[in-house]
Protein chains: 2
Amino acid sequence: MREKILDILLDNIGVYISGEELSRMLNKSRTAVWKSIKSLRNEGYLIEAYPRKGYRAVKNPDLLVPREIKRYLNTQRFGKVIDYHDIIDSTNRKAKEFGLQGYPEGTIVVAEEQNRGRGRLDHQWASPRGGIWFSLVLRPYLTPERAPLLTLLAAVSMIKGIEEVARVPVGIKWPNDIFLKGKKLAGILTEINAEMELINFVVVGIGINVNVHKDCFAGDIAEIAASVVEEKGEEVPRPEILGAILNHMEVLFDKAQKEGFSSVIEEWKNYDTTLGEKVEIHTTTGIISGRALDISEDGSLIMEKKKGENIKVRSGDLYLQSN
Amino acid sequence: MREKILDILLDNIGVYISGEELSRMLNKSRTAVWKSIKSLRNEGYLIEAYPRKGYRAVKNPDLLVPREIKRYLNTQRFGKVIDYHDIIDSTNRKAKEFGLQGYPEGTIVVAEEQNRGRGRLDHQWASPRGGIWFSLVLRPYLTPERAPLLTLLAAVSMIKGIEEVARVPVGIKWPNDIFLKGKKLAGILTEINAEMELINFVVVGIGINVNVHKDCFAGDIAEIAASVVEEKGEEVPRPEILGAILNHMEVLFDKAQKEGFSSVIEEWKNYDTTLGEKVEIHTTTGIISGRALDISEDGSLIMEKKKGENIKVRSGDLYLQSN
C-alpha cells in the first residue's frame with residue numbers, strides 16, 4: 001500500500017491528491033492512508049499535507065531507496081535484491097554476510113551513510129550523507145589470483161556511470177582510486193571468499209563522493225577529496241548514477257565471464273593515469289620502486305624494477321615519483 | 001553447576017555418589033542436581049542412576065565436547081573458544097560466520113556429525129559419527145597468494161597428532177589428502193576471506209575418519225576410505241587426537257608467523273608421497289601433466305611440464321600416473 005501511494009504521488013509531483021481520493025483508489029481507510037504517508041515521510045520522502053487539499057509529493061527525493069534505484073536499472077540480476085539502510089556500519093560487512101548466506105549474485109547493500117566505512121587494509125573511509133556507499137555480491141567462476149580483475153571491472157563501470165550521468169572528467173590511479181582533477185572522488189574495496197582454486201563469492205564495495213559538500217568532510221579530508229557537487233556547483237541524482245554503474249557492471253561482468261577480461265583491461269587503460277610513470281608501491285610485504293609498465297592478464301600491475309627485471313604486484317599504495 | 005557435577009563424577013568414574021551428597025557439596029537443591037544430570041545425559045555423558053546409591057559416570061565419554069578436548073590442550077589460543085555441535089550442516093560454514101563476526105584466532109567449531117560436510121569445490125565429504133570434524137579460525141598476517149601454506153601446516157599438524165595418539169602410519173598426497181595404506185583417512189578444506197593484498201581470516205576445515213566403522217560409510221566410500229578403528233581394530237580417544245593436533249598447530253603457526261614457513265615445508269616433505277612422481281592435475285582451468293618437482297615458498301606445487309618448463313599450481317585433483 002505504501003508503494004502504491006508513493007507511485008501515485010510521485011507520478012503527480014506538485015499536485016494535491018486528497019486523502020479521500022487516495023482512500024477510494026486503494027480501497028483502504030483514511031487512517032491507513034495517513035499511516036502510510038507518515039511512514040513514507042520517515043523514510044525521507046518529502047510529502048506535504050494541506051487541509052482540504054490533500055497530499056502532494058514535493059520532488060523526487062535524492063535517496064538511494066530501492067524504488068529510486070530501480071527506475072534507472074535495465075539489468076537482469078544486478079540490483080534486483082537491494083538491502084537499503086539509512087545508516088550502517090559498513091556495507092561490505094553486511095554484503096559479506098549475505099554472500100555467506102547464499103544471497104544471489106547482484107544483491108546490493110546500500111546506505112545513505114556509513115559510520116565504519118573502510119578502505120583497503122582497514123584504512124578509514126569517510127562516508128557522510130550525500131555520497132553513494134554500496135556493496136555488490138558477485139559469484140564469478142574465477143580463481144582467487146585473478147580477483148584483481150574485478151577491481152578493474154568495477155573501476156571501468158564506475159567511470160562510465162559517473163561520466164554518463166554527472167558529466168565530470170575522471171581518471172584511475174592503480175589499483176582502486178578514482179580521481180577528479182587530482183583529488184580522490186571514489187574508491188573500491190574488493191574482498192574475496194575463496195578456496196585455494198576457486199572463488200566462492202566476491203564483495204565489491206564502492207564509495208563515491210557525489211553530493212557531499214566540502215564542509216561535510218571531517219578534518220583534513222576536504223584537502224584530498226573531490227566531490228561531484230563541489231566540481232559542478234549543483235547536485236546530481238545519486239540513484240541515477242548508481243543505476244548507471246550497475247547497468248555497466250552487469251554488461252561488463254557477463255561479457256568477461258564469457259570471453260575473458262581482455263576488453264576490461266583495454267577499457268581500463270583508457271582511463272588510467274599511472275602506466276608509464278615512475279612509481280613507488282607500498283605493499284604489505286615491502287616497498288617496490290620502478291616504472292609501472294602494464295596490466296597483466298590476471299589484473300596485476302607489471303612493474304619494471306630495473307631494466308629487464310619485471311615483477312607483478314597485486315595491490316598496494318601507489319605513489320607517483322617525480323622523474 | 002553442570003560443570004562441577006561433571007568434574008566430580010568424572011573424577012570418580014565407576015563410584016556412586018548420592019544425590020544428597022552432590023546437593024550438599026554444591027549447596028543446591030536435589031531437583032537442581034537432577035536437572036543438571038539430565039542435561040549432561042542429553043549432551044551424551046553416560047551417567048547411571050541407582051535408587052539409594054546415587055549417580056555414577058560409567059566412563060569418560062568419547063565425545064568432542066569442550067571439557068574433553070580441553071583436558072588435552074596445552075595451547076595459549078587454539079581451542080580456547082569451542083563451539084560444539086552434536087550435528088551441524090558444515091563446521092566450515094559456521095566458522096566462516098564466526099570469522100566475519102570477529103571471533104578470536106583459534107576459535108574452533110566441532111561436531112560429532114556433519115550432514116552437509118564438503119571437500120574442495122563442493123565435493124561431497126562423508127562425515128558420519130565417530131570421526132573428527134572441526135574448523136579452526138586463523139587470522140594470519142599473510143598475503144592471499146600464500147594461503148596454500150596453511151594447508152601444508154594443517155597437514156603436518158594432523159599427521160603429527162594422529163601418529164602420536166593413534167600410532168598409525170600416514171602420508172600426504174598433495175595438496176590436502178592424508179592417506180593410510182593407500183586409502184583416504186583425512187582431508188583439509190582451507191578457505192580464505194581476503195582483500196587483494198592481505199588475508200582477513202582463514203578457516204581451516206579438517207575431517208578425520210577416526211572411530212568410523214566400515215559399515216558406517218555410505219555406498220562405495222568404504223572402498224576408498226580408511227579409518228583408524230578399522231586399521232587398529234580398536235577405538236582411539238578422539239578428544240586426545242584433536243587436542244594433539246591443536247597443540248601442534250599452534251606451535252607451527254606461531255613459528256611460521258615469526259620465522260616464515262620454510263620449516264613447515266621441510267616437515268611436509270617428510271610425509272609427502274607425491275614429489276618426484278609423474279602426475280596429472282585437474283584444476284578449475286584445465287588439466288596439467290608432468291612431474292611433481294617441489295613445493296615453492298608460497299606453498300604451490302612446482303611441476304615440470306616438460307624438460308626445462310616449470311609451472312606453479314596452487315591446488316587441484318592430483319592423480320598419480322604410471323611411469
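Copies are superposed by least squares on the C-alpha atoms of residues with pLDDT of at least 70 in both. The structure is a predicted model, in which local features need pLDDT of at least 70 and side-chain atom pairs count only at pLDDT 80 or more, while totals for chains, interfaces and linings use all residues. Residues are numbered from 1 along each chain as its sequence is written, chains are lettered from A in the order in which they are written, and side-chain values use heavy atoms, with hydrogens and water left out.

**Exercise 1.** Determine how chain B is related to chain A.

Step 1. Two copies of a chain are related by a rotation about an axis and a shift along it.

**Exercise 2.** Describe how helix α5 of chain A packs with helix α5 of chain B.

Step 1. Helices here are DSSP runs of H or I with at least four residues, and strands are runs of E with at least two, numbered from the N terminus.

Step 2. α5(A), residues 91-100, and α5(B), residues 91-101, pack at an angle of about 180° with their axes 11 Å apart, where axes are lines fitted to C-alpha atoms over the stretch in contact and angles run from 0 to 180 degrees between N-to-C directions. The two helices are therefore roughly antiparallel (over 145 degrees).

Step 3. Lys96, Glu97 and Leu100 of each of the two chains make the contact, which means heavy atoms within 4.5 Å.

**Exercise 3.** Work out the pairing of strands β1 and β2 of chain B.

Step 1. β1(B), residues 47-50, and β2(B), residues 54-57, pair in the antiparallel sense over four bridges; pairing requires that DSSP finds at least two bridges.

Step 2. Tyr50(B) has Gly54(B) as its bridge partner in β2(B).

Step 3. The two strands form a hairpin with three residues between them, and in the turn Arg52(B) has a positive phi of about 65°.

Step 4. β1 and β2 of chain B are also among the elements that cover the buried residues of α1(B).

Terms used:
Parallel < 35°, antiparallel > 145°, perpendicular 65-115°, else oblique.
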